[in-house]
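Please keep the sequence and the structure in view while reading.

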Amino acid sequence: MKWRLRLMMLFEYAIWGAWYVTVGTWLGKTLHFSGQEIGAVAGTTAIGAMISPLFVGLLADRLFDTRRVLAALHVLGAVLLLVAAKQTSFAALYGSLLAYSLCYMPTLALTTSLAMRHITDPQEEFGGIRVLGTIGWIVVGLIVGAWGVEASATPLHLAAGLSVVTALYCLTLPPTPPLACNQRFEIRHALPLESLHLLRNRSMAVFALASFLICIPLQFYYAFTNLFLNEVGVVNAAGKMTGGQMSEILCMLLIPWFFRRLGVKYMLAVGMLAWVLRYAMFAFGAPGELMWMLWLGIVLHGICFDFFFVVGQIYIDREAPTALRAATQGLITFLTYGLGMFVGSWLSGVVVDTYAAQGTHDWRSIWLIAGGCAAAVLVLFVLAFKDRRSSAGQPVAVTD
């Protein structure tokens, strides 16, 4: 069963990794979209993340078997990806990818909930299942880079094919019927409103604010790194960017060791500091003798992601009351992958357009602005956040 669930995760995240990393390069170099248009397209997944709890709460919890919901969403998603691949105007492409994101983003939560239903100890077993999703992202990134199709619509075709395969595979998984089919659906079941009162606690409020703010410069990386690397002449940029996911796996294994020595506050701070360093590396690195700086900026992704987002999940699990843990995790997800990345998509597009000239960009200025934003969030967090208790000596259960 575990390997069947691992394969589900591999397919699930390979779909996303197939198109999302390189779509900015296709839009910028081939379709000649502006920075704001590229940022808006990248932000479609953020809108999907904000709306997806409604899908999850209504469809899978109360109406249909999770397998069938997943299969239907992935088939519809495949059609929308093929439609998007044929578009050349911003409005048509944005509309089709927004519709696709509304189908795909709920599947992230649905695959997680399905896996949780079919394992006996989620705290111990889920991390080993979810990590195959990261491996799927790595494998498909290497394939796209090796094919040299980053500036074309081919990654969307690949993602569509993977979506069909995933839909068929999901139907082979064990039955996962809705658990609340006899309960009346209420909006509070889908939106994490009940956890808002936890923000009266200063440290939780600071953590929530920092989580939202750090995702604004984060979107500079997701939306524009591949375009940046291709513009400065890095060969097989998509393949090289998978180094970030490779380091993510390593850092995941090291979290318990660092957690016991640094505690919550300083691990979160190190995660944000890694964003500052990453953008500094991108600002001053270049192919050739300074290629090591670009490599370092890429592999810092493990610390950037794990030391903030994964440790943040552990912090919420520790601080939130048992009855509100899921709702609080949902609130932070809404603030980060939803609202924060949506604002970041808009701001990154504005900044990239500001420093665009004659078909290229002043990337040093762009990355320094992103790094400055991350540095400001880091200073705010360090000064305002207080961890009420030390984590030294406490057992740590890591879930991705």
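## Helices α10 and α11

In this predicted model, helix α10, which covers residues 202-231, and helix α11, which covers residues 237-284, have axes that come within 8 Å and cross at roughly 160°. Angles over 145 degrees count as roughly antiparallel, and therefore α10 and α11 are roughly antiparallel to each other. The handedness of the crossing of α10 and α11 is right-handed.

Which residues of α10 meet which residues of α11? On the side of α10, the contact is made by Phe 207, Ile 214, Pro 217, Leu 218, Phe 220, Tyr 221, Thr 225, Asn 226, Phe 228, Leu 229 and Asn 230, while α11 contributes Ala 237, Ala 238, Met 241, Leu 268, Met 272, Trp 275, Arg 278, Tyr 279 and Phe 282. Sorted by class, the contact of α10 with α11 holds 16 nonpolar, 3 polar and 1 charged residues.

## Helices α3 and α6

A second pair is formed by helix α3, residues 35-42, and helix α6, residues 90-117, which pack at an angle of about 20° with their axes 9 Å apart. Because angles under 35 degrees count as roughly parallel, this angle makes α3 roughly parallel to α6. The crossing of α3 and α6 is right-handed.

In this contact, Glu 37, Ala 40 and Val 41 of α3 meet Phe 90, Tyr 94 and Leu 97 of α6. When the residues of the contact between α3 and α6 are divided by class, 5 are nonpolar, none is polar and 1 is charged.

## A salt bridge

How many salt bridges does a search of the whole structure find? The search finds 1 salt bridge, in which the side chains of Asp 65 and Arg 67 meet at 3.2 Å, taken from N to O. Side chains of opposite charge can pair when their charged atoms come close. Are Asp 65 and Arg 67 buried or exposed? Both Asp 65 and Arg 67 are buried.

## The protein as a whole

Taken over the protein, the secondary structure comes to 15 helices and 2 strands, and of its 400 residues, 55% count as buried. Where contacts join residues at least 6 apart in sequence, 85% of those contacts in the protein link residues that are at least 24 apart.

Methods: Residues numbered from 1 in each chain as written. Predicted model: local features only at pLDDT ≥ 70, side-chain atom pairs only at ≥ 80, totals over all residues. Heavy atoms only, no water. Axes fitted to C-alpha atoms, helices over the stretch in contact; angles between N-to-C directions. Helix = DSSP H or I, 4+ residues; strand = E, 2+ residues; numbered from the N terminus. Parallel < 35°, antiparallel > 145°, perpendicular 65-115°, else oblique. Left-handed = near helix turned anticlockwise from the far one by under 90°. Contact = heavy atoms within 4.5 Å. Nonpolar A, V, L, I, M, F, W, Y, C, P; charged D, E, K, R; others polar. Salt bridge = Lys/Arg side-chain N within 4 Å of Asp/Glu carboxyl O. Buried < 20%, exposed > 50% of the residue type's maximum accessible area, 1.4 Å probe, protein only.
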